[in-house]
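Trainee: Hi! Could you walk me through this structure while I have it open?

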Amino acid sequence: EPAVDLAVEVMTDIWERYGHYASFYGWYMSHEPSYLFDSANGDLYFFNAIIRRLRHLWPDKVVLIAPTGTPTIDPAAIARSEPDIYAYQDAVGPGYIPGRYTYDPENRIAMLDDVFGQYQQKMASTGKHLWSDFETWQMDGPNYDNAYPAAWSRVSRQLEILQKYVSIQSMYAYPGYLDSPESTLRHGGDAAVDLYEGYAPFARAFLSDKGIVSPSLTSVRSPSKVTAPSAATIGQHLPGQLSGTLDDGTPVLVPVRWEEPVRSGSAYIVQGTAALPGVEGVHACSATVVIEGATPTASPSDGPTQGEPTTPPATPTDGGEPTPAEEPTPTALPTASPTPDGATDTSPDPSEPPSATEAAPTPLERGEAIWYLPIGLAALAGLALLGIAFIRYRRGQSSPADRIGKDG
């Protein structure tokens, strides 16, 4: 059908552009399903039709989906479905209870044990991975809009409850709801900084417990001589990022914040500070800027000469988802880098096959450090197209015999 064709086209384009990166761990398909069955109007039919046409391109990549707050679940259909990871939304943000939004998160929090206990029970025999998708925001109503960052005291309670039922907790969302105090651009204001600072100690303790060591920035290379047509345009010609190196040797691009240029003879000296938000290590840097056509002078001036105004430099912004009679056999998921020193490797013996009712653990579930683009980073590029595709798919259905994927 046209909707499936469009989704396949978008994902193929994304794969051709970014699939060669080692950090491409898998896909997040952004349609939020409510009907987890694969017949009639079931959402799994849509996912299966797309993935079966593409899996041969990336057999080792996982697919994550995030079902809504009250999904209809068919365990047998899930067991034979194409998605690998089911990250169920906790639906705390709008205070969802079956059938309506109450805009009181406490109403949903009171239901979490019961709801996720049922998810755990129904997913146990599917061979799929059960994750949570916990929400870090809330709304005041009466409409579903104007979300803002939640308090850490509330989010921490969600994490405490959900950890009893899932292997991994994923967050919706970080951008706009958590802001590092080091960020040059803060989307969520002071409330987002407060949530970040509440969450950071929790995250550090988790990483330490898993033996995962955060990287640090060990060096930054200052630019070679920079030229500008005039003193007034210096800021436009200074680089927004510099080459740097992490303590494990990984090359990185580091945002830099430049200060005001200072005249020194016929040139200008500009000091700067380079840092990666969330990574230890702040480095001083400098640049020598030569004005095109300037006549060298023997003695430096203490500052800009009259008639040659300086302009503040541009400030860079941060860059930084078998048939019913058969037993489910989980597909082995991709592995990552070796377990860091000090970490406990709880992965199963590779000589033994995974349990028929237990999904093979992902590297994240084993507590390994993985440097990868967030799952679905690539899918975000086609978010609007995939959403339109699904709507068209649902509206354009005729009979099962007409649908693409019946031969897949």
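## Strands, rings and charged pairs

Mentor: This is a predicted model. Let's begin with strand β15 (residues 251–258) and strand β17 (residues 267–275), which pair in the antiparallel sense over three bridges.

Trainee: Which residue of β17 does V256 stand opposite?

Mentor: V256 stands opposite A274 in β17.

Trainee: How many bridges pair strand β16 with β17?

Mentor: Three bridges, and the sense is antiparallel; β16 covers residues 262–264. Look at S264, which stands opposite A267 in β17.

Trainee: How many residues sit between the strands in the hairpin of β16 and β17?

Mentor: Two, and G265 in that hairpin takes a positive phi near 65 degrees. R263 itself is placed in strand β16.

Trainee: Is R263 buried or exposed?

Mentor: R263 counts as buried, because its relative accessibility is 14% and the cut-off for buried is under 20%.

Trainee: Back to β17. How many bridges join it to β18?

Mentor: Nine bridges join β17 to strand β18, residues 282–291, and the two run antiparallel. A267 has its bridge partner in β18 at V290. β17 and β18 also form a hairpin, this one with six residues between the strands, and in its turn G278 has a positive phi of about 85 degrees.

Trainee: Let's zoom out. How many helices and strands are in the protein?

Mentor: The protein has ten helices and 18 strands. Of its 408 residues, 45% are buried. The protein exposes about 20800 Å², with carbon and sulfur atoms supplying 52% of that area.

Trainee: On to rings, then. How many aromatic pairs does a search of the whole structure find?

Mentor: The search finds 15 aromatic pairs. One of them is Y101 with Y144, a tilted pair at 4.9 Å centre to centre, with 40 degrees between the planes.

Trainee: Where do Y101 and Y144 lie?

Mentor: Y101 lies in strand β7 (residues 100–101) and Y144 in the loop between β9 (137–138) and β10 (148–149), so the pair ties together parts that are 43 residues apart in sequence. Y101 is partly exposed at 39% relative accessibility, and Y144 is partly exposed too, with a relative accessible area of 43%.

Trainee: Which residues do ring pairs link into a cluster with those two tyrosines?

Mentor: The cluster consists of Y96, Y101, Y103, W137 and Y144.

Trainee: Switching to polar contacts, what does the side chain of H31 contact?

Mentor: The H31 side chain makes a polar contact with the side chain of D43, at 3.2 Å. You'll find H31 in the loop between β1 (26–28) and β2 (35–36). At 19% relative accessibility, H31 counts as buried.

Trainee: Now the charges. How many salt bridges does the count come to?

Mentor: Eight salt bridges. Side chains of opposite charge can pair when their charged atoms come close. R53 lies in helix α2 (residues 43–54) and D5 in helix α1 (residues 2–18), so the pair ties together parts that are 48 residues apart in sequence.

Trainee: How accessible are R53 and D5?

Mentor: R53 is partly exposed, with a relative accessible area of 33%. D5 is partly exposed, with a relative accessible area of 33%.

Trainee: What does the side chain of R52 meet in a salt bridge?

Mentor: The R52 side chain meets that of E82, at 3.1 Å from N to O. This pair links distant parts of the chain, with R52 in helix α2 and E82 in the loop between α3 (75–79) and β5 (85–89), 30 residues apart. R52 is partly exposed at 35% relative accessibility, whereas E82 is buried at 18%.

Trainee: And which side chain does E82 meet at 3.5 Å, N to O?

Mentor: E82 meets R55 in that salt bridge. Here too distant parts of the chain are linked: R55 is in the loop between α2 and β3 (62–65), 27 residues apart from E82. R55 counts as buried, at 17% relative accessibility.

Trainee: Which residues make up the network of salt bridges there?

Mentor: R52, R55, E82 and D84 are linked in that network.

Definitions and conventions. Residues are numbered from 1 along each chain as its sequence is written. This is a predicted model: local features need pLDDT of at least 70, side-chain atom pairs count only at pLDDT 80 or more; totals for chains, interfaces and linings use all residues. Side-chain values use heavy atoms; hydrogens and water are left out. Two strands pair if DSSP finds at least two bridges between them. Helices (H or I, at least four residues) and strands (E, at least two) are DSSP runs, numbered from the N terminus. Buried means under 20% relative accessible area, exposed over 50%, partly exposed in between (1.4 Å probe, protein chains only). Accessible areas come from the Shrake-Rupley method with a 1.4 Å probe; for residues, only the protein chains shown count as cover. Rings of Phe, Tyr and Trp (its six-membered ring) pair if their centres lie within 6.5 Å; planes under 30 degrees apart count as stacked, over 60 as edge-to-face and the rest as tilted. A polar contact is a pair of N or O atoms within 3.5 Å; within protein, one must be able to donate a hydrogen and the other to accept it, and residues adjacent in sequence count only if both atoms are side-chain atoms. A salt bridge is a side-chain nitrogen of Lys or Arg within 4 Å of a carboxyl oxygen of Asp or Glu.
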